[in-house]
Amino acid sequence: MSIDLSGKCEAVFAALSDEGVRPRLLLHSCCAPCSSYVTEYLDPYFDLTLFFFNPNISPEEEFLKRYSELIRFVDERFGGKIAVICPPWDPEEYLSAVSGLEDIPEGGERCFRCYSLRLEATARAAAEGGFDYYCTTLSLSPYKNAEVLYEIGSHIGEKLGVRYLPSDFKKKDGYKRSVELSREYGLYRQDFCGCTFSEAEAKIRRERKTSG
Ligand code: SF4
């Protein structure tokens, strides 16, 4: 049975509005297009800080390109209101986390390890920084499993003492809105998830399209 994560998220919004509080949330950001909608959606309820921790993205030029697009979007949309934290890029962290799973196609166990790596780092930073909640933009993508993200995120959150915001941001036309915002702000929209394995898979998809 699937969990209504979008409904759970809205229930948190309603409770916060009733209590009249505006908690601090550390939001793991994978890229500017996904963050465009998610920040728009969460900003009315939370004091947001973005956490661009993505050692999965390769090569470094791609990592820097996605980071600079994120900074540009946040500046243009929010001025100085939302800070962005970017820990140093260390691809070895990712490669050792997915060691032995390199050949598993996108959407499988390799990705689940990649989610864990990024969520754990975000939750640790949130706990250290005294944030009330943490979450990730990842569920915006139709290729990402929101229930697995919720399971991993909640488990890590309980372990480290910081609440994971239940969410499936692709719902309520979230993905569609991110495409609109990307167009509006002229954001770079990559056609692969981030790791070299996903880049190779995207290349095969492109070749099949052009030859079919
Ligand atoms: S496809 Fe994306 S989520 Fe999966 S391992 Fe690669 S970078 Fe991580």
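**Note on the predicted structure**

1. Isoleucine 85 lies in strand β3, where helices (H or I, at least four residues) and strands (E, at least two) are DSSP runs, numbered from the N terminus. At 36% relative accessibility, isoleucine 85 counts as partly exposed; buried means under 20% relative accessible area, exposed over 50%, and partly exposed in between, with a 1.4 Å probe and protein chains only. Leaving aside neighbours within four places in sequence, isoleucine 85 is in contact with Leu26, Thr49, Leu50, Phe51 and Phe52; contact means heavy atoms within 4.5 Å.

2. On the basis of the model: this is a predicted model, in which local features need pLDDT of at least 70 and side-chain atom pairs count only at pLDDT 80 or more, whereas totals for chains, interfaces and linings use all residues. Residues are numbered from 1 along each chain as its sequence is written, and side-chain values use heavy atoms, with hydrogens and water left out.

3. Helix α3 comprises residues 60-78, 19 residues in total, and reaches 26 Å from its first C-alpha to its last, close to the 27 Å expected at 1.5 Å a residue. The expected span is 1.5 Å times one less than the number of residues. The buried residues of α3 are Glu62, Phe63, Arg66, Glu69, Leu70, Phe73, Val74 and Phe78. They cover an arc of only 130° around the axis, which puts them on the same side of α3; the arc is that of the directions from the helix axis to the C-beta atoms. What covers these buried residues includes α2 (32-42), β2 (47-51), β3 (83-85) and α7 (174-185).

4. In the loop between β2 and α3 is proline 59, which a cis peptide bond joins to serine 58, with omega about -5°. After α3 comes glycine 79, whose phi is positive, near 60°.

5. Which residues surround the ligand? They are Asn56, Tyr94, Glu106, Arg110, Cys111, Cys114, Arg118, Lys144, Cys193, Cys195 and Ser198, a residue being near a molecule if one of its heavy atoms lies within 4 Å of it. Helix α5 (residues 109-128) provides the largest share of this shell, 4 residues.

6. Helix α8 (residues 196-211) has 16 residues, which should span 22 Å at 1.5 Å a residue; its end C-alpha atoms are 23 Å apart, which agrees. In α8, Phe197, Ser198 and Ala202 are buried. These residues cover an arc of only 135° around the axis, which puts them on the same side of α8. Thr210 and Ser211, on the other side of α8, are exposed. The buried residues of α8 pack against α4 (91-97) and α5. Ser198 also belongs to the residues that surround the ligand.

7. The loop between β5 (163-164) and α7 holds lysine 172, and aspartate 173 has its place in the loop between β5 and α7 as well. Phi of lysine 172 is near 55°, a positive value in a residue other than glycine. For aspartate 173, phi is near 60°, again positive in a residue other than glycine. Lysine 172 is exposed, with a relative accessible area of 51%; aspartate 173, at 51% relative accessibility, likewise counts as exposed.
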